[in-house]
Amino acid sequence: KVYFLSRDGLIVKEIFDQTDTFNYHTQYLFASRRSWIVPLLWKHPELSDILARISMSPRITIGIFLNRVGLKPDRYIDLLDSFGLVIDTFYKKEDLFKDKRFIELFEIIKQDIIVSNSKNEYLALKKYILDNVSNEKIALVDIGYNGTMQYAIEELLKEIHIESKIVGYYVGLNPKAQLILEHKINAKGFIYEPGRNEDQCNNISSYIAIFEVSFLAHHGSVERFEIVNGEAKPVYYQYEYDETDRQIVNEKDFIVQYQKGAIDFTKYWLDNPYFKNILIDPLIGIINMNLMGRKPNKFI
């Protein structure tokens, strides 16, 4: 079975289903780092374990950290003040997590992470996985970049005793991704991966927001799962491109048209017998997007 992770996997699934000649069983699987990783934090609640499981940028705010572990940052402003910490100030990641004040703060909020969110969310996510994921060979499809989602689902499947062999297929994989370098997951990158086309990681990273939005499904990110009438349902954050009153252009419409162009191109390619036996090399396929992202002009 081929599972396409939300939100970036939806358009990939649509195009895959058009081109699939082997009749694979495909499914769009609701997922996000927040909704899959937080439910497992209660199993490994120490700070070092949590930092190994959540993805963070080199510079981070405490508010971002609290969000990543499933807490509401606004509830902790007074507590942060008592430690002389500021919720929206950016700190170097390595400095923040070695700061004695932050370490003491974490020990206070650790029970909130475990009891208030993680254990409850685990039960709902477990129900969703049991209802939607089979114990067989699985291809997990996403655009990238570190494999944390794949690691989370593999850990969850082991926890609920589902034996599955998973291979992750990604548009690109971070050449420095520890999960891959340490062989903790089996994953492959289409455009780049550790040891192959690594320079493309920097190329795409320079316009990563544009690159990612071209894959984005038209619904909000999944915050968590909850059980409604015996069925596990995703709970979404607001879709960020619905706020048309703050936009110079209708960004949602732009994304829809951009993705329609990709789908139309695929249909054109499939319907034209001239292209039947032509394979596009990944580096050739990405060249115009790299030009648009890194050296934009009105002619591209």
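**Inside and outside**

Author: Start with Ile50, which sits in helix H3, residues 47-53. Keep in mind that this is a predicted model.

Reader: Is Ile50 buried or exposed?

Author: Ile50 is buried, because its relative accessibility is 0% and the cut-off for buried is under 20%.

Reader: What is Ile50 in contact with, leaving aside neighbours within four places in sequence?

Author: Leu41, His44, Pro45, Phe65, Val69, Phe106 and Ile113. As for Leu40, it is 10 residues from Ile50 in sequence, and the two C-alpha atoms are 9.5 Å apart.

Reader: Phe65 is on that list. Which residues does Phe65 touch?

Author: Not counting residues up to four places away in sequence, Phe65 touches Leu47, Ile50, Leu51, Ile54, Met56, Ile60, Phe97, Phe102 and Phe106.

Reader: And the largest nonpolar core, how many residues are in it?

Author: That core has 54 residues, and those touching the most other members are Trp36, Ile62, Phe65 and Ile129. Helix H7, residues 100-132, gives the largest share of this core, with 10 residues. Another core, of 14 residues, lies apart from it and includes Ile11, Ile191, Ile263 and Met289.

Reader: Ile11 is in helix H1, then. Which residues of H1 are buried?

Author: In H1, residues 9-19, the buried ones are Gly9, Ile11 and Lys13.

Reader: Changing topic. Where is the nonpolar patch on the surface, and which residues form it?

Author: The patch is formed by Phe265, Tyr268, Ile280, Ile284, Ile287 and Leu291, and together they have about 590 Å² of accessible area. H12 and helix H14 (287-294) each supply at least two of its residues.

Reader: Take Tyr268. Where is it, and how does its accessibility count?

Author: Tyr268 is in helix H12. It counts as partly exposed, because its relative accessibility is 49% and exposed would need over 50%.

Reader: Where are Arg7 and Tyr145?

Author: Both are in loops. Arg7 is in the loop between S1 and H1. Tyr145 is in the loop between strand S5 (137-142) and helix H8 (148-159).

Reader: What about phi of Asn23?

Author: Phi of Asn23 is near 55°, which is positive, and the residue is not glycine. Most residues other than glycine have a negative phi. Asn23 lies in the loop between H1 and S2.

Reader: Is Asn23 buried or exposed?

Author: Exposed, because its relative accessibility is 69% and the cut-off is over 50%.

Reader: And phi of His161, what is that?

Author: His161 has a positive phi too, near 65°, and is likewise a residue other than glycine. The place of His161 is in the loop between H8 and strand S6 (165-172).

Reader: Buried or exposed, His161?

Author: His161 is exposed, with 69% relative accessible area.

Note on methods:
Residues are numbered from 1 along each chain as its sequence is written. This is a predicted model: local features need pLDDT of at least 70, side-chain atom pairs count only at pLDDT 80 or more; totals for chains, interfaces and linings use all residues. Side-chain values use heavy atoms; hydrogens and water are left out. Buried means under 20% relative accessible area, exposed over 50%, partly exposed in between (1.4 Å probe, protein chains only). Helices (H or I, at least four residues) and strands (E, at least two) are DSSP runs, numbered from the N terminus. Patches are made of residues with over 30% relative accessible area and no salt bridge: like charges are joined within 9 Å, nonpolar side chains (Val, Leu, Ile, Met, Phe, Trp, Tyr) within 5 Å. Accessible areas come from the Shrake-Rupley method with a 1.4 Å probe; for residues, only the protein chains shown count as cover. A salt bridge is a side-chain nitrogen of Lys or Arg within 4 Å of a carboxyl oxygen of Asp or Glu. A nonpolar core is a set of buried Ala, Val, Leu, Ile, Met, Phe, Trp, Tyr and Cys residues joined through side-chain atoms within 4.5 Å. Contact means heavy atoms within 4.5 Å.
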